[in-house]
Amino acid sequence: MTALIHVPESTPTGKVWLVGAGPGDASLLTVKGLRALEAADVIVADRLGARAVLEGLAADGVELRAEVVDVGKLPGHHAVPQDAINALLVQLAQSGKTVVRLKGGDPYVFGRGGEELFACQTAGVTVEVVPGITSAISVPAIAGIPLTHRGVATAFTVATAHDQIEALGGGRDHTVVLLMGIGTLANSAITLARGERGADCPVAVVEDGYGPRQRVTVGTLATIAHQAAERGIRSPAVVVVGDVVRLSPYAPEQLTTRHLTQYDPLAVSGTSRKAPTQ
């Protein structure tokens, strides 16, 4: 007589969603991102943007059933190392959980989302990316600064101030957006001022975009470090460099460009454009 051998059922593998939370305003979370949060068993959340979105959803009466695991990172201090976060996502999914990795901004804009995607794929875990609104675009927008504008700027570059920004070429018509740049603001300003932009190139610093400390400071590459020290500017903040800063309603009179029709959008020049005389 043949004995029957009981083979235990394997635990079904779960799924990981890499969701961009946006700049911290729950109303800017995508619908697909919200649906993923509603279906999640576990939410692995960042500090910036992500926690504010969860709090905003709760304030709006949205009830999420998921357990929330905080892996938030403070400037200069990682509460949970990235390798441990990767391992946690894999472990939770392999135990059958539906996991949302809720990341501030967009997962692929200085969010290390590519590393988390690769870790899940390597472990055979199904993973899907839900884009978010990056602070590099949304935070300047609340200060009235378009990163491109016909006749003013035709391109923009997003970088961290930890990078070698001396390699960033272009003049004032090439907007530079610096993330995580307050600690090295003075050095960044000096470096950018040495190029075509010049020391009198407009600069805006937008602190705590969409948060309770939201504040805008406008100056030039020559003055912004002193202004930042004088005003006690703190992270998180987004720095915008270029002539588009002149379009902001926060720009002082001497930097404001009121007559955009005086710009020639068809002009081709290898040097930076000058603001029209008022």
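Start by selecting I233, in the loop between α7 (224–231) and β12 (237–241). Helices (H or I, at least four residues) and strands (E, at least two) are DSSP runs, numbered from the N terminus. This is a predicted model: local features need pLDDT of at least 70, side-chain atom pairs count only at pLDDT 80 or more, and totals for chains, interfaces and linings use all residues. Residues are numbered from 1 along each chain as its sequence is written, and side-chain values use heavy atoms, with hydrogens and water left out.

Stay on I233. Its relative accessibility is 9%, so I233 counts as buried (under 20% relative accessible area, 1.4 Å probe, protein chains only). Show its contacts (heavy atoms within 4.5 Å): I182, V205, E207, R215, T217 and A228, leaving aside residues up to four places away in sequence.

Next, select the open sheet. Five strands run in the order β3-β2-β6-β1-β7, with parallel pairing (at least two DSSP bridges between two strands). β3 (67–70) and β7 (126–130) are the edges; each has a single partner strand, so one side of each lacks a neighbour in the sheet. Zoom in on β1 (residues 15–20) and β7: five bridges join them in the parallel sense. L18 has V129 in β7 as its bridge partner.

α2 lies across β2 (42–45), β3 and β6 (98–103), at about 135 degrees to β2. Angles run from 0 to 180 degrees between N-to-C directions, with axes fitted to C-alpha atoms, for helices over the stretch in contact.

Finish at α3 and α4. Q82, I85, N86, L89 and V90 in α3 meet E115, E116, A119 and C120 in α4.

Technical notes
Buried means under 20% relative accessible area, exposed over 50%, partly exposed in between (1.4 Å probe, protein chains only).
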